[in-house]
Amino acid sequence: LTAEMLPDEFFREGLIYDVDDMDAILNQFISYMRDGSDEELSQTNINTLLQEVAVQFTPLDIRFEAQELPIIPARSLSLKRLIANLVNNAKRYGAEPIELSASHVDDHILISVADHGEGIPADQIDDLMQPFVRGNDARTIQGSGLGLAIVKRIVDIHNGQILIQNREQGGLEAIISLPLTKTEVAEVLNNSALEKIKQTLSERF
């Protein structure tokens, strides 16, 4: 309130910027400490989470086309925060359009968030998921350096893996690999076989 009433516009805007920056850092630190490990598992549709994040970031140019995926037990709110953090990271340091996708490969679900920016030097990639570490190009932008650290913690509590890499066509891509249980893989295979049988029967009759 005091900052808003200051007569010097330049000083006022600078002070408000700093307060907003501190507020963002505190919020991200709280999110980092609350890694979602206390959240109950629930049956989760990854496509629904991706669609909700795309709507959340409207009018950002986000491109997403749903693929057939199994429903999995997961911490839905934490996964949604993970995806949102990656999209926000792409928004700040990359360039639109941002591409979201999820696919079922063998016994894993792969979630990808990719942008069309300039990418980052390869020697900085391994350090990005360390708490309070920020890339050189992010030094003049608000943030705490916790966004990707939060992502890494959420991936870990799902026994998954994360890969961040520069794309050949330009931009940065984050790929999250979530393992499926043997029961889930069996259900996927059974469903696929059932669909093939249905298709064969419909073609014959």
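## Packing of α3 and α5

Ser-78, Leu-79, Arg-81, Leu-82, Asn-85, Leu-86 and Asn-89 of α3 are in contact with Gly-147, Leu-148, Ile-150, Val-151, Ile-154 and Val-155 of α5, where contact means heavy atoms within 4.5 Å. By class, this contact between α3 and α5 comprises 8 nonpolar, 4 polar and 1 charged residues; Ala, Val, Leu, Ile, Met, Phe, Trp, Tyr, Cys and Pro count as nonpolar, Asp, Glu, Lys and Arg as charged, and the others, Gly among them, as polar.

The model is predicted, so local features need pLDDT of at least 70 and side-chain atom pairs count only at pLDDT 80 or more, while totals for chains, interfaces and linings use all residues. Residues are numbered from 1 along each chain as its sequence is written, and side-chain values use heavy atoms, with hydrogens and water left out. Helices (H or I, at least four residues) and strands (E, at least two) are DSSP runs, numbered from the N terminus.

The axes of α3 and α5 (residues 147-157) lie 9 Å apart, at an angle of about 150°; axes are lines fitted to C-alpha atoms, for helices over the stretch in contact, and angles run from 0 to 180 degrees between N-to-C directions. The two helices α3 and α5 are therefore roughly antiparallel, a term for angles over 145 degrees.

Helix α3 (residues 76-93) contains 18 residues and spans 26 Å from its first C-alpha to its last, close to the 26 Å expected at 1.5 Å a residue; the expected span is 1.5 Å times one less than the number of residues. Buried residues of α3 include Leu-79, Leu-82, Asn-85 and Leu-86, buried meaning under 20% relative accessible area, exposed over 50% and partly exposed in between (1.4 Å probe, protein chains only). In α5, 8 of the 11 residues are buried, so this helix is largely enclosed by the rest of the structure.

## Backbone features in loops

| Residue | Phi |
|---|---|
| Asp-106 | about 55° |
| Asn-159 | near 55° |

Asp-106 belongs to the loop between β4 and β5 (108-114) and, at 65% relative accessibility, counts as exposed. Asn-159 follows α5, in the loop between α5 and β6 (161-166), and is exposed, with a relative accessible area of 64%.

Thr-58 and Pro-59 are joined by a cis peptide bond with omega near 10°, and Pro-59 sits in the loop between α2 (46-56) and β2 (62-64). The peptide bond between Glu-96 and Pro-97 is also cis, with omega about 0°.

Note on methods:
Angles under 35 degrees count as roughly parallel, over 145 as roughly antiparallel, 65 to 115 as roughly perpendicular and the rest as oblique.
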